[in-house]
Amino acid sequence: MDSFTYYTPTRVYFGVDAERHIGEAIRGYGFKKVLLHYGGGSIVRNGLYDRVVAQLDLAGIDFVELGGVEPNPKLSLVREGVELCRREGVDFILGVGGGSVSDSSKGIALALAAGKSTWDAMMASTEPATKFPMGLVLTISAAGSEMSNSCVITNDNLGLKRGCNYDQNRPLVAFMNPANTLTVPKYQTAAGAVDIMMHTMERYLTNDPDTPLTDGIAEAVLRRVIDCADILGNIITAEKSLK
């Protein structure tokens, strides 16, 4: 029998009404001002931005925003976010998007927790002694960032891509509405399905003997992802044909 420690500090709101908990959750923690962090215009076009802002307004929570996150999130934008948070007195970061937005949000929070630049904090041998709180509203199913301790940032000045695994990187809260995953392009839906399967296989194809329970869970995940990917592909194709 192998020993392990199981640690899941992130509070997860899951379901078709997940966004409706944003305001009450953030207000319940006592935060006053939020950085709303996101990528391009997709969350504006699909209405998610308006739903998130409505919940913040309803809860009486002030916010500033920073868009523009790109795939392989850039350190330059992270620095801009850090400066914005310090200047505006932000006490909570809310990322809305996929894996890149998650990493960018974590990079900003990491610098604020460490009291140094994000890059210096990532390259340090020890993680920050304090935490800066953040939450995520996910639009993709495959990232896994909503509960992980990892953060990967690209230094666009040095041309380097680096990551770190700190407890600071674990979001305080995550809002996961499966319907939001239908807003991404069909290619991203397919890529997400493959990503889920690859991460599952990484934990399935190991040298550990006699793990029938976890093997069975992995096999069930793989079968279900294959089925759901086919269903989602048909839904997306049907919706496009109606436009």
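Predicted model: local features only at pLDDT ≥ 70, side-chain atom pairs only at ≥ 80, totals over all residues.
I took local features at pLDDT of at least 70 and side-chain atom pairs at pLDDT 80 or more, while totals for chains, interfaces and linings use all residues. Residues are numbered from 1 along each chain as its sequence is written, and side-chain values use heavy atoms, with hydrogens and water left out.

**Aromatic pairs.** I searched the whole structure and found four aromatic pairs. Rings of Phe, Tyr and Trp (its six-membered ring) pair if their centres lie within 6.5 Å; planes under 30 degrees apart are stacked, over 60 edge-to-face, the rest tilted.

I looked up Tyr13 and Phe175: the pair is stacked, at 5.3 Å centre to centre and 15° between the planes. Tyr13 lies in strand β1 (residues 11-14) and Phe175 in strand β8 (residues 173-176), so the pair ties together parts 162 residues apart in sequence. Strands are DSSP runs of E, at least two residues; helices are runs of H or I, at least four, and both are numbered from the N terminus. Tyr13 and Phe175 are both buried (under 20% relative accessible area, 1.4 Å probe, protein chains only).

I also noted that ring pairs link Tyr29, Phe31 and Phe92 into a cluster.

**Helix α1.** I listed the buried residues of α1 (residues 22-29): Ile22, Gly23, Ala25 and Ile26. Down the axis they fall within an arc of 165°, so they line one face of the helix; the arc is that of the directions from the helix axis to the C-beta atoms. They pack against β1, β2, α3, β4 (92-97), β5 (134-138) and β8, with contact meaning heavy atoms within 4.5 Å. Just after α1, I found Gly30 at a positive phi of about 90°.

Terms used
Buried < 20%, exposed > 50% of the residue type's maximum accessible area, 1.4 Å probe, protein only.
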